[in-house]
Structures are given as C-alpha cells and as structure tokens.
Amino acid sequence: SLSFFLTFGVVVAETGINAWLRIVALNTSANSPVDTAGAELQKGISSIFGKNLTIASHSSSSASIVVGTVSEYASAYGQSPKTPQLENDGFWLNTTGPSVQILGQNERGALYGAFEYLSMLAQGNFSKVAYASNPAAPVRWVNQWDNLDGSIERGYGGKSIFFTNGLVVNTTDRVSQYARLLASIGINGVVVNNVNANSSLLSPTNVAGLGRLADAFRPYGVQVGIALDFASPTEGLVYGNLSTYDPLDAGVISWWQNVTGTLYRTVPDFGGYLVKADSEGQPGPLTDNRTLADGANLFANALKPHGGILMFRAFVYNDMINETDWKADRANAAVDFFSGLDGKFADNVIIQIKYGPIDFQVREPTSPLFAYLQNTSTAIELEVTQEYLGQQCHLVYLPPLWKTVLDFDLRKNHQPSLVRNIITGKRFNRPLGGSAAVVNVGLNDTWLGSHLSMSNLYAYGRLAWNWADDPQAILQDWTRLTFSPDPTVIQTITNLSMSSWPAYENYTGNLGIQTLTDILYTHFGPNPASQDGNGWGQWTRADGKTIGMDRTVSNGTGFSGQYPQEIMEMYENITTTPDNLVLWFHHVNYTHQLHSGETVIQHFYNAHYAGADTAQTFVTQWEGLQGKIDAERYNETLFRLTFQAGHSIVWRDAITGFYHNLSGVSDTQGRLKNH
Ligand code: GCU
C-alpha cells in the first residue's frame, strides 16, 4: 500500500537498492522455481520500493540480486560460492556484498530464499546478513479435505478451489495463488482431496485434471499428492473391477501399480499418497486379516520406483466402543493398532500421527505413538482449519497449543526425546519425517473464512521449517506483512492472539476434559451432554459426584502405560499430573482439590467466567485499531470478534449451568442460580 511504501521510502537510499541494476535468475527454464523466484523478486521490489528491475538469466559483474542454485552459480561464475553445507530445500542468503546472493541447494531452496529476502524488506529490515537456512524436515505438507463435489469436510472458507461437480476444475488461477501462498512459507507438498477419499478421482478425466493442478503447483515447488480409498479396486470405476482389495493379492498389487504408473506418466513429480484405512468405517487391510503394515506397504511399493512417499494415517480406531466398559478407551487405539508393527513398514512410509491420542482437541497429552515408533518414520498431523476450535468464528491462535506437543519430552529410553526431534528424524535417525496440517482453504477471499485465522497457516509453515521458532515472533512478522508496521496494530494483534487459545480453553473445556462441544455432528457450540453414551469414545464419565477418565494402569484404561516410564509415572500419579490434564487421566470428585488450590468444580466455574471475560475485551481492543487498518478488514474482523464475545457467554452459561445442575455444588462467588 501507499503508506507502506512511504514508511520505507526514506531509507531506500541507505539500502543499496538504488544501486541494483537487475535481477539475475541463473539459467532458468520457464516455470521453474528459480524462474518464479526471479519474477517474485521483481514484483516484490516493485511493490515495496516502486523500482522496476529487469531479469537476466546470465551472470553479470554489475550489482544485482542473484538467485539460483549453488551449482548453477558455480558454473556461471566459475567458482563455488562460499556457503555452509546446505540440505535439501535449504538456501544461503548474503546481503553483505555489492550483489545480493540467494542460492538454493535446489531450485525450491532458491525460491524460499527469495521469499525470505522479500519478507525482510517488506518488514523494513535492511540489515546486512549472511546465513544459511535449512528446513527441519523434508516433509512439510498440507492436506485439504476437499470432496469431488466441491464441498470441503470441516472447511469454513467456502467451496473447493480444486473440484466442482465431481471433476477437477478447468481454471487454475486460484490454485496458482494457493501455490504461491504455500511456497512463501516453505510448504513443499499438498494432498488435494479428502482423507475420506472417493475412487472417482482416479478416472482418466480426473487424472488429466490432476496434471493441471500439478502444472499450477510446480512453478512454486509444491508437489501434489492424493488421498486414496483403500477399496478402490473393488469399486469398478477404473481399470476393471476386482473382487477383493486384499493388499497381498497379486491382482490388487498390479492394479495399484497400474494406477500409480498412470499417475506418474501425467505428473512425473507426483509426491505420493495419503491413506486413511480401517478407521471410522473406512475399509482397510484388517478386513482381510492383514496388518496395517501390509496395507501401507502395498502403496509404498507401488510408489517406490517413482520416488513417491506414502503418508499412512495413525488415526485408526473403532468408533463403536461401549462406555459401560470401564477399561474401554479410544485413546489407546493408535498404539494398540500399531503394536508389533514398528520396523515393518517400507522405508518410504511415514506414519502421520495426530498431535493427541483423540482428535484435535483444545488440550490433549502428546500421542504416545511418537515414542512407540522408533524404526519407522513419522510426521505430526495438525489442524489449521479450526474444527473443534471455533471454526474460524472464534480467533484462536494455535501455535502455542501445537508447541505443548512439539516441545514435549517423551523421555524414551530415559533420553531427551522432544516430539519435534522425533518427527524430524533426528532422535531416532530416520531419513524421512515432518508434518502435515489439515488446512482446508476455499474460494472465500480470506481463504480460510476469516482474516485473522491466516496467522495459523503462516505460522504452520514457519514452524514446519523450524519447530524451535517462537510463536509470538512469528505472529508479529505475519502482522507486519499482512496489516501494518504500526506498533499499536502489532501490539493489539499480539495481545488478542496470544491470549486467544487460553481464553478458548477456559470458556469451552478445561482440565483436560476436551472441548465439551457437540461431538456428534457440528463440533461447534456447547453440548456437554453429548460427550457421554456415544460410541466415539470421547467421554467425560460425568455423573452427580464425579468426572474424568481414569486412564491409569492401576485402576483405569491403562493408557498412561503407553508412555515411556518417566512420563507414565508422572501421569499415573494424580499428585504429579498437571492440573490442565487432570481429568484426562483421573476420575475424581468435583470437590477434588487441584494444585492451584481450587476444587475441580470451582475451577470450571471460574475458568469459564475468566475466558468469557477475556473474549469481551477482544472487541474493545480491536476497536482501538479503527483507522489504522483498512475499513474492510477492520469491519469484518470486528464482526467476528463480536460474535466470539457473545458466543463465549453462551459457552460459559451452558457449561457452568450444566455442571452446576449435575453436581449441585454452588459457586463460591454466587454467580449461578439454583434451578
Ligand atoms: C475428525 C473429523 C472428520 C475426519 C477425521 C479424520 O474426526 O471430524 O471429519 O474425517 O477427523 O481425521 O479422518
């Protein structure tokens, strides 16, 4: 914007930018990531400084911005650049010389370096730097839960950008924009369709359509993958109709080899498959008494000759369990199902594990499967789409939640075992690994359905590059780039965002009881009664006197025994279990006293009032930004925050009223009336 330009216009003279004559994009071919990097630098410098640079493809001695791969640089300039060792997708950025050097280990790395440099300039950072930056892990993917009819499962930003009426879209402009968005934050793969996949994506027309999508993603270095329906061979839609989908059946094996070969002929740089099997009614290898490893390896072996990977979801559980069984526990499912399979997976398989053992709840302990799989590559699965977390109608900045899991030390074999070092492959020396986030952008102009929720997508990319990065610092970069460098804007959006997840936890569900939302259908709004008596196993076991799941080995479901010893001991014992997970691991009286000194029930009351009080301040804080950001985004965000403030009171009153009635324990502060 104009004001952005004026802010920085003053300093242009000191930055050396006036001395630049051109951009050199080294030896590019059209639509390659280096070609894109050149075009992005040209566009960015023109919009930040109003200076139009031309793009050349060959070396020159005059001052310029040079972007390309390390090896192209060496052949163009006749000498290797003095860079530290770079890993796949990594880059070297050097602004200390007369020319700026942006050199990638590969083409993608060069593009990431260009975006990093532009991000610095756009934030008014003209410091002289020379450093290498390498990603934490090779797999930095997003998943879209788009259905072929154009709807999106758990999507809150409009219809699919990929599909309509059972087919891949014809026009891919919006897809290119998504590719650009993803590349700017270091994301290198996208699964374009729903985990509850439909085999008609494999039809010849749709495979040609996937070719169009890949053509749109390729210039940005984003590989396309798809989710598969395990039973596809028996569905008669493509390549004949088999009578079985048994992963060890020769006909099934060659059926998948055919499908995979066809895909790679259309999309030579295809990324791989994502498979949800034997979960929530989906078919899988267990139907034929094969193991999950047999099922995963079927696809991994078909992909192997082409260089693809198989993301196999650990979200495997039985959704018809019985609450009258005190020992039944959905949280046990992942480790139970994968038990005995560590080391049995092909080396291009990655087990994709949701951060907690249940399902993207507001607070969960770390999934113990991260510690269980030592000889198998793993990735963490996060959700940018706010399924249980307000569905983009509530501001909830998620990285602090994600960090509770990524920074958690599982103490495997009594050694430091941070989850972030497990998924990157460092802890157990695995060659593959990383992360996937369910994003679910749609056709809505805001992509996700609200302006502020985009900070979650931005932060996901930044963290997938470097899990040790600081959520607040990331948020502030995003705010400067998205809204304004004005300190009031930054301070306000920081205050709102950093207090949003704690507030949401307070006014929805606390002490590890999960969100208390309607878990049967909408996953939106309060419905504590729906938590019990269902087959899904998201239970609270609340009655008139007691609440919580006993997940101890000594008296409960045994879940705590799935952790390495030190962690198991911490959760097994109520005196060492942190308050924020006490009802996850223990079944207690409402009058049980927490470490904080409050009783469980009084904590419920107080937290719900405190959370709703915080949400009320979001509106007034935001109103302080009137005139400091454009009216459109100001008003749309004000509308959302006003809704959130009101809905937080609905939550507060529904939950406190429900437990007040159930327990009959009065509120020491007299806020609740007896009915
Ligand atoms: C959640 C979500 C489903 C989704 C499932 C999954 O249960 O509500 O819509 O299919 O997760 O991750 O597979």
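**A residue, then the whole chain**

Mentor: Leu448 is buried because 24 other C-beta atoms lie within 10 Å. A residue is called buried if 20 or more other C-beta atoms lie within 10 Å of its own, exposed if 12 or fewer, and partly exposed in between, with C-beta atoms placed from the backbone. Please keep in mind that this is a predicted model: local features need pLDDT of at least 70, side-chain atom pairs count only at pLDDT 80 or more, and totals for chains, interfaces and linings use all residues. Residues are numbered from 1 along each chain as its sequence is written.

Trainee: Where does Leu448 lie?

Mentor: Leu448 is in the loop between strand E16 (434-438) and helix H14 (454-465). Helices (H or I, at least four residues) and strands (E, at least two) are DSSP runs, numbered from the N terminus.

Trainee: Which residues does Leu448 touch?

Mentor: Not counting residues up to four places away in sequence, Leu448 touches Tyr156, Gly157, Gln392, Val441, Ser453, Met454 and Leu457. Contact requires the C-beta atoms of two residues, placed from the backbone, to lie within 7 Å.

Trainee: What about Gln391, buried or exposed?

Mentor: Gln391 counts as buried, because it has 21 C-beta neighbours inside 10 Å. Gln391 is in the loop between strand E15 (377-383) and helix H12 (399-406). Leaving aside neighbours within four places in sequence, Gln391 is in contact with Tyr156, Gln386 and Phe524.

Trainee: Changing topic: which residues surround the ligand?

Mentor: The ligand is surrounded by Glu153, Arg154, Val195, Asn196, Lys276, Phe315, Asp359 and Glu387.

Trainee: Why does the radius of gyration agree with a compact globule?

Mentor: A compact globule of 675 residues would have a radius of gyration near 26 Å, and the protein chain has 26 Å, so the two agree. The radius is taken over C-alpha atoms, and the globule rule is 2.2 Å times the number of residues to the power 0.38.

Trainee: Which residues have the most contacts inside the largest nonpolar core?

Mentor: They are Val67, Ile102, Leu182, Phe299 and Leu310, in a core of 192 residues. Helix H19 (residues 600-623) contributes the largest share of this core, 10 residues. Such a core is a set of buried Ala, Val, Leu, Ile, Met, Phe, Trp, Tyr and Cys residues joined through C-beta atoms within 7 Å.

Trainee: Which domains are assigned?

Mentor: The assignment gives domain 1 (2-133), domain 2 (139-469) and domain 3 (507-549 + 587-663). These bounds come from an automatic or database domain assignment. The C-alpha centres of domain 1 and domain 3 lie 47 Å apart.

Note on methods: Near = placed C-beta within 6 Å.
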